[in-house]
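Here is a short report on selected local features. Please look over the sequence and the model before reading on.

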Amino acid sequence: SCSNDDSTAAVMASNVAISLIDSQGNDLLNENHPNHYPKDSIKIYNMNGHLINYAIGKGKDETPEINAFAYFISQFCNDAEIENRYCKRLWYWNSSEVDTIEIYLKEFDDNLLNTYKYKVNGVEYTLEGRSSNTIQLIK
């Protein structure tokens, strides 16, 4: 078996952070909002229709461009997908609303492999040059 020198091994992640607002800019992940999207109603499937039991976290993204709550998952892609630098999921917010989430990964200068671009329902969101790694969707 091969051994890796940990000092040179890339740190591999596939982080996803999603904020949800309405057309007036109201935070739909804030439980005080009447149209709140609760975390426990979310179901995420791979493209073969298998439900994936993710640990979904919730936190406040304080950056000026987001300034809202976000749901986040730290390992969105499996190992084979990470090797291919890409994964795709169906993210059901509830029984009737679904978004197709695609994640593109790349290796950064500091030996970190992580998300640099999303596509949501075919629309591209780049994270490069932004202070936040959260993408904000409008429902």
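Predicted model: local features only at pLDDT ≥ 70, side-chain atom pairs only at ≥ 80, totals over all residues.

Strand β5 spans residues 57-61.

β5 and β6 belong to an open sheet of 4 strands. The order is β5-β6-β2-β11, and the pairing is mixed. β5 and β11 are the edge strands. Each has a single partner strand, so one side of each lacks a neighbour in the sheet. From one strand to the next, the twist averages 35°.

## S132, a buried loop residue

S132 sits in the loop that links β10 (123-126) to β11 (135-138). Is S132 buried or exposed? S132 is buried: its relative accessible area is 1%, and the cut-off for buried is under 20%.

The side chain of S132 makes a polar contact of 2.5 Å with the side chain of D61. Neighbours within four places in sequence aside, S132 also touches T63, E65, I66 and L127.

## N84, an exposed helix residue

N84 belongs to helix α1, which comprises residues 79-84. N84 is exposed, with a relative accessible area of 60%; exposed means over 50%.

How far apart in space are N84 and L105, C-alpha to C-alpha? The distance is 8.5 Å. In sequence, N84 and L105 are 21 residues apart.

Definitions and conventions
Residues numbered from 1 in each chain as written. Heavy atoms only, no water. Helix = DSSP H or I, 4+ residues; strand = E, 2+ residues; numbered from the N terminus. Buried < 20%, exposed > 50% of the residue type's maximum accessible area, 1.4 Å probe, protein only. Polar contact = N/O pair within 3.5 Å; in protein donor to acceptor, adjacent residues only side chain to side chain. Contact = heavy atoms within 4.5 Å. Pairing = 2+ DSSP bridges. Axes fitted to C-alpha atoms, helices over the stretch in contact; angles between N-to-C directions.
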